[in-house]
Every structure is written in structure tokens, then in C-alpha cells.
Amino acid sequence: MIYKNEKHIINIIKYSPPIFIISIAIIFILFLYIEKQSTFIDEKKNIKNEYLSQHKEIIKTQVNELYDFIIKTQKDTEIKLKENIKNRVYEAYAIVSKIYNENKDTKTKEEIKKLIKNALVNIRFNEGRGYYFIYTMNHEAVLIPIARHLEGKNFYDYTDSKGNYLIRNLVNLAKDKNEGFHTWWYIKPDDLNKEYKKIGFNKYFEPLDWFIGTGEYFVDFERMVKSDILDYISKLSRSSDNYFFVIDYDKYFLSHVKDEYVNKQSSSTNDFTELDKSITKMVKIAKNGEGYLQYSQNIKENKNEYSEKTSFVKGLQNWQWIIGKGFYEDELNSIIEKKEKYLNNKFNRYLVNVFSITAILTIILLIVSFYISKVLEEKFTKYKEEIQNHLDENTRQNHIVSQQSKMAAMGEMLTNIAHQWRQPLSVITTLASGTKIQKELNTLDDESLVKSLDTISDTAQYLSKTIDDFRNFFKSDKEEISFSIQEVLEQALKLTGDEFKNKSIDIIEEINEFQIFGLKNEFIQALINILNNAKDELEKHPEPRLIYIKAEQIENYGVITIKDNAGGIKEDIIDKVIEPYFTTKHQSKGTGIGLYMTEEIITKHMHGELIIENVKTTYEDKEYLGAQFTIKFKLSSQI
């Protein structure tokens, strides 16, 4: 009679969860067929394509506008140059006129000429390159500030490197038009060995039969214009993710948001990955006209963090410049995420349905669990009565003592059973509702569905096996076996893996295989309790959420460590966490029996040691604090 009632109790515990899971699955499948297919994924793709196209067009337009500005500036360069030198000659003419008019009645012409030369000889402008020269209408040099030894010489037969009679042409210009512009080739103050193209302006001064002039080297003035344009471009670059860049065909940065890159060759920076290929492609595109290029670029100063960037580049052929601007996909992804959130609101009505069903199923499972607890209580009461009625009177007292001890343990185990059921049933409910949401959003594929159903089936079987283990826990013939540490860790993670994944928790394993002799299922339960405890704490913390599992054999001991980065356990309660019914959670979320049961299994049934402490862990160059559970036991010679 005793064994019949006991079997009845176990059957109730074993088969109730599968019945409820089958019911949930039937309801879930019905909803999958009733709900319409969603086009959410297609909408997200359309948004992404639209934004990519829009941003490409924006940077292309901005680069073309800058290109047009530079072309216009180039066209205006000679006009500005002529205006500049003409004004300078007018200034010199005014000085000469004033000196002459103030001294013509009191000094000789030779004295006046000397005063004029002394007044003009040291005047410099245009960054020191500009100076005044004076010649007589008889082709004689009066003032050449950069070559004073040539003053007084006749330049009637002087020709520049192009064969032009320079002074003859200037004299003829002064005779014909009194003033005007002229182009010739002449030495530079900083390079007396080579002649450069020069644009000049000359004006005739009749009282002394002179013409006064000055000129500017086109290459120098163009360099000033380039500098002004680069300064203008740098002011257009407002931030590290919204800027123009200019690179010449020799791969030197001429303008960049990072000042330290300017005038350096790209090979000396860490701005790109696969630098040579990226810059070579830019040069090729620019030489052929214009185009887009995608590459990986450093987006944060002094940090090796990279992002995909799309740039539009255009070649300025006469200056051999690459003008470009780009956008980071990180920025684009942020915009897309905002759009996705907006679209997600359209599906709230579907989510409300799913949450409602989940709430109803949860209530049903709670009611069923309460009902099963009542049934178990009645069965155990009847069990005690049958024992008392059927035991021989001579051994009755001994059995009463024994059974009272066993029943006290059973009462405690009932609480443990309820605690152990709560998390697996939560896994089942979460998987069911999560799969439903995936289907509503049209993101559920066959592989995910099969995987979820397999996990539900495995969890249900685990519930069944847990009851068998608890029953065996009170039998005197409980069997210890040799089993693999790799195997039990895989089984523990298989039953909890989906929930860790849903909570964005990463498991980092370092398993060195060895064999354990003991109670396999109880040891799995102990591991699950520790893992679930870490999971509950990690839920309260931001990502990254990490659990490290390490197993190794040290001499004749097996050592398993499980640690997290959830901030650790407060020092004033760390010694209390394995006490029965001690919990830091709300009473609706924990009973405080999990770690107590874990400690019982490891120390009393496995004859091992459980050490709980706070340790620091380094992950991606950042230090985290977390709790570490160390299980240590001597490896049996029976293995």
C-alpha cells in the first residue's frame, strides 16, 4: 500500500507538466494559424535602403557644391591677382608723386631720385615676395631691390626664358597706354637660379620719364588661394562625423577634422584599415572623375574603434586633389533604430494579445502548482496513516521515529520541489510566449521553432527526472555512478541556455575533462541553482553580462568555478546566502532555498566543499566585480 501511494504521488508530479505543456502548445499553434503574416522585416529593409540612398545623395551634393566653389575661385584667381598688384603700384605711384612734388623746387632730380629709391627699396608685401621695380624709358634699371648690383645697367636686349624682350615690352606698354598688365618669366627672391611665371602691372611716371611696376609669381599667389580654400574647408567641418577631407594624389592629407593628420602622408595615420588599398582606390576614383567608396575608419580619437564609412570623392585634376565627404553607418543605424521603434508601435496590439495569453497561462500554472501541493499533502498524510496501521507493533516505535525524520525531510523537499519547478516552468512559459512574438513579427523560422519545442520537451523531461531524483534521495539504495564533468555542464547549460540567451548573458567556458563519482542528477541540480542565481543578479545590470565556467583537475582534486560580473555579494550577507530561506529577492521571486539545497548536495551528498567569495574579472580591458562559486572535491579512486 505504501509503494502504491508513493507511485501515485510521483505520477502526479511527473505527468502534470507535460499535460499543461501540450495544452500550451496547442493554443500556441492555433494562434500561429489565426494571426496574419507581418511585413515588418520588409519595412525595415525599405527604410534602410531609403536612408542609405538619401545620405549618399546628400554627401554627393555637398562635395559637388564645394567642387564648384573651388573651380569658381580658381577662375577668379588671376582677376584677384591683377587687382592686388595694380593697387600696390598705385600706392607706390602716390608715394613717388608726393616725394617729387614736395622736393621738385628745392632739390635736384638726382637728389629726388635717391629719395624715391630709398623710400621704395625696402617695401615688401604679399608675405615678403612683393617689391617695386623702376626702369627708365631708355631701358635702364633704376631700382631692383632683389638685385641691386644690376641697377644702372641697360636691359634693352634682356630676354626671359621664353625669349621675350621683357624691358622693351614694358617700355612700349608705358608709351602706348601709360599703364597696363604684362606677363613674363623672372627669378624669385628665394630662388635666384630659376625663372617663374609672373604677372605684373606698370605705370608711367612722366616727370622722371620712369615706369614703376611690381609683379606677383602666379605659383605663389595660387598657393595663397589654396591655403585660403583649405582654411574655408576646415571651417565647414563641424564635428568628427560631419566633415570634408582633402587628400592629394601623393596621399598627403591637406585638410582633415583631425589637425594632427594635416600635411602628413596617410600611411603615418591609423585612420583606415587596409590603408594602401583604400587610398589607392580613392586616387583611382578621383583621377577618373568621381564615385563612392566604402571602407573601415577610426571614429574615436585615441581609440582603436572602427566603423564602416561610405564616402563620395571627386577629383580636382589641375591641383591633383581628392575632395570627399562621408557618413558613418553607426550614425545611420541609430536613425534606423529610431524608425524601427516607431514601426514597433504599430505591432503593439499583437504584443498585447501575447502578453494576455502569457498572463493567463502563468495563472493557470500557479493554480495547478497549488493544487498539486494540496494533493501531495493529502497523499503524504494518508501515507503516514497507512504506515502507522500496517507496521508490526514490536517495531512500530522505531518506524515512527524513522518516518518522522523522513517526513520532516519530505516536508522540506516539498518546498524545494516547488522552488525547482518555478524556474523550469518559467522557461517553458517564456519560450512559448517568445516564440509567439517571433511568429507575430514574421521572424520565426523552422529551426527556431524546433529548437524551442525541443527545449520545452527537454525541460519537461527534466522536471520528470527531478521528481525521480527527489524520490531516490530518500531511498537507501541511491546509486552513485561515474560521470563526465563535460557532460553534466552541457546538460545544465542545455536546460538554462535559452533563458541566458534571452537575457543577453554570455557563457564563457574553459572545461578540462575529468570524471566524477557521485550523484549525477543532484550535481546537475546544484550547478543549475548556481547558474540561475548568477542569471537573476545579472538581469539587474547592464551589458556585458558574463558568466565564466571553468573546470580543471588540480592534483587529486576536481575544481569547478562559476563566476559572474554582476557586482558581487554584499560583504555583510555573503556568509548567510546558503542559509535556508535567506534571500535578497522579493518573496514572489525567491524562497531562499536554492543555494541552501546546493550546499547540501555538494557538502553532504558529494562530500565536497563550496566556497563563495567576491572576485574581480577583466573583460575587454575593463574590470568588473562579481560573485564566484568554487566547488572542490577529492576525486574518488572508484572512477
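This is a predicted model: local features need pLDDT of at least 70, side-chain atom pairs count only at pLDDT 80 or more; totals for chains, interfaces and linings use all residues.
User: Where in the chain do Tyr-100 and Phe-205 lie?

Analyst: Tyr-100 is in helix α2 (residues 40–103) and Phe-205 is in strand β4 (residues 191–205). The parts are 105 residues apart in sequence, so the pair ties them together.

User: Is Tyr-100 buried or exposed? And what about Phe-205?

Analyst: Tyr-100 has 15% relative accessibility and counts as buried. Phe-205, at 2%, counts as buried too. The cut-off for buried is under 20%.

User: What about Tyr-135 and Phe-211, stacked or edge-to-face?

Analyst: Tyr-135 and Phe-211 are stacked, 5.7 Å centre to centre with 15 degrees between the planes. Tyr-135 is in strand β1 (residues 132–136) and Phe-211 in strand β5 (residues 210–217), 76 residues apart. Both residues are buried.

User: Which residues form one aromatic cluster with them?

Analyst: Phe-133, Phe-155, Tyr-158 and Trp-184 form one cluster with Tyr-135 and Phe-211.

User: New topic. Which ring does Lys-197 lie over?

Analyst: Lys-197 lies over the face of Phe-218, 5.0 Å from the ring centre.

User: And Lys-632, which ring is that one over?

Analyst: Lys-632 is over the face of Tyr-557, at 4.9 Å from the ring centre.

Key:
Residues are numbered from 1 along each chain as its sequence is written. Side-chain values use heavy atoms; hydrogens and water are left out. Helices (H or I, at least four residues) and strands (E, at least two) are DSSP runs, numbered from the N terminus. Buried means under 20% relative accessible area, exposed over 50%, partly exposed in between (1.4 Å probe, protein chains only). Rings of Phe, Tyr and Trp (its six-membered ring) pair if their centres lie within 6.5 Å; planes under 30 degrees apart count as stacked, over 60 as edge-to-face and the rest as tilted. A charge sits over a ring if NZ of Lys or CZ of Arg is within 6 Å of the ring centre and within 35 degrees of the ring normal.
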